[in-house]
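Please keep the sequence and the coordinates at hand while reading.

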Amino acid sequence: MKTYDWIIIGAGITGAALAYELTKIGFSVLLLEQYQTPQNATCYSYGGISFWSATTAITKQLSTEGLTRHRILSEELNADTQFRELDLLMTISVDINPEIMAKSYQDVVIPPHLISIQEACELEPFLNPEAISGALTVKHGHVHPEKTTQAYIQAMVNLGGEIQFGEFRELVTTSTKKCTGVKTNTNTFQSDNVVICAGGITRKLLKSMGIAAKIYFSHAEIIEIPSTDIQLHSLVSPANLQRFQQEAESTQIDELWDNPNHEILSPILDAGVVQFLDGSLRIGQISRVLTNPQAAINSTASEQWLRESITNILPSLGNLPGTWHHCLVAFTQDKLPLIGAISEFSGLHIFSGFSSPFLFVPPLAVRFANFVSGQKDEIIKQMSPDR
């Protein structure tokens, strides 16, 4: 039986990018994915690259590296990721003072520009002027999430890497707590190293091995709308994003996550929309902090809530026919991902919990691959799961 240098669990943007970068520098790599038709968070992502929003030395450096990486990625992977820079329009609700909201963004590396209601509607004619008190705008990177992920996977295969489909069952370990492979529902694969890129199910997967990791997840819901004649001029998002505050509050008491069927906080909705180059739309998002990754969601009520909220901001979009989707989104307490070796088992690693995956995954995948090949990297060390 072949023994791989690396087995990667999960073929979303994290696993795909890491598999490519490891293969690129000469490792033998197997990428494992449960579904041939992907159902991960990447499939329902906006594909945003918020290179303007960095606030710390680390995130500023990684933002620069991420933007630089995206600008050459299509050529390197020999596939169109649909990278572009477009106007991000962050709407300010009528009950919020625009000046106060603008000040809350002054610490980012490229502060957004405050514009009036009239200017916002000129930038995005489909806006409802009565629903906002103003808006913020800044240039924002964007890619097609699935096309970017598939480009990474195909480039990895072209370099000699492999991908297999099957349901993960368990890690193969020795009595000395060495991870030596992975069992799926169809096969057993051997490797010197295993890295978990499983997004929202990472916590459950590790817990099944008796490993406690401070990685969490929310249930995210969106509506996907097929190609339409309506042509938006910008990516629309609320200036007062509730999701990051919800994530921060939900991680204050780690023990709450040990309850398998608990709603830690009330659900929130950040009404926004992105349109892809083919004219299709993604409208979202509702975020629920439920400790059960298989928790049942009332799709009818959720879709109605989403449609009512987007109708208030962009009336022309609320009743367009579309399909409600649900996925898990991983996050950490400090917004930095967990990257590195898991101390409980030698040969076991994690690469998960990205707050802005399309910004940070590409540069960190490069850094991780170089790090495990022997290069020093202080940024990777600071993202250790033992921090």
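The paragraphs below treat the salt bridges and then the surroundings of a glutamine.

This is a predicted model, in which local features need pLDDT of at least 70 and side-chain atom pairs count only at pLDDT 80 or more, whereas totals for chains, interfaces and linings use all residues. Residues are numbered from 1 along each chain as its sequence is written, and side-chain values use heavy atoms, with hydrogens and water left out.

The structure contains 18 salt bridges, a salt bridge being a side-chain nitrogen of Lys or Arg within 4 Å of a carboxyl oxygen of Asp or Glu. One of them joins the side chains of glutamate 162 and lysine 2, with an N to O distance of 2.8 Å. Because glutamate 162 belongs to strand β7 (residues 162-165) and lysine 2 to the segment before β1 (3-9), this pair ties together parts that are 160 residues apart in sequence. Strands (E, at least two residues) and helices (H or I, at least four) are DSSP runs, numbered from the N terminus. Glutamate 162 is partly exposed, at 24% relative accessibility, and lysine 2 is likewise partly exposed, at 44%. The accessibility classes are buried for under 20% relative accessible area, exposed for over 50%, and partly exposed in between (1.4 Å probe, protein chains only).

A further salt bridge links glutamate 221 to arginine 288, and their closest N and O atoms are 2.5 Å apart. The former residue lies in strand β11 (residues 216-225) and the latter in strand β14 (residues 281-290), so the pair connects parts that are 67 residues apart in sequence. Both partners are buried: glutamate 221 has a relative accessible area of 0%, and arginine 288 one of 15%.

Aspartate 377 and arginine 367 also form a salt bridge, at 2.7 Å between the closest N and O atoms. Here aspartate 377 sits in the loop between α9 (357-372) and α10 (378-382) while arginine 367 is in helix α9, so the parts tied together are 10 residues apart in sequence. Aspartate 377 and arginine 367 are both buried. Elsewhere, salt bridges link Glu21, Lys24, Arg69 and Glu76 in a network.

What surrounds glutamine 82, leaving aside its neighbours within four places in sequence? This residue is found in the loop between α2 (57-77) and β4 (84-93), and it is buried, with a relative accessible area of 15%. Apart from those sequence neighbours, glutamine 82 is in contact with Ser74, His142, Val143, His144, Lys147 and Leu277, where contact means heavy atoms within 4.5 Å.
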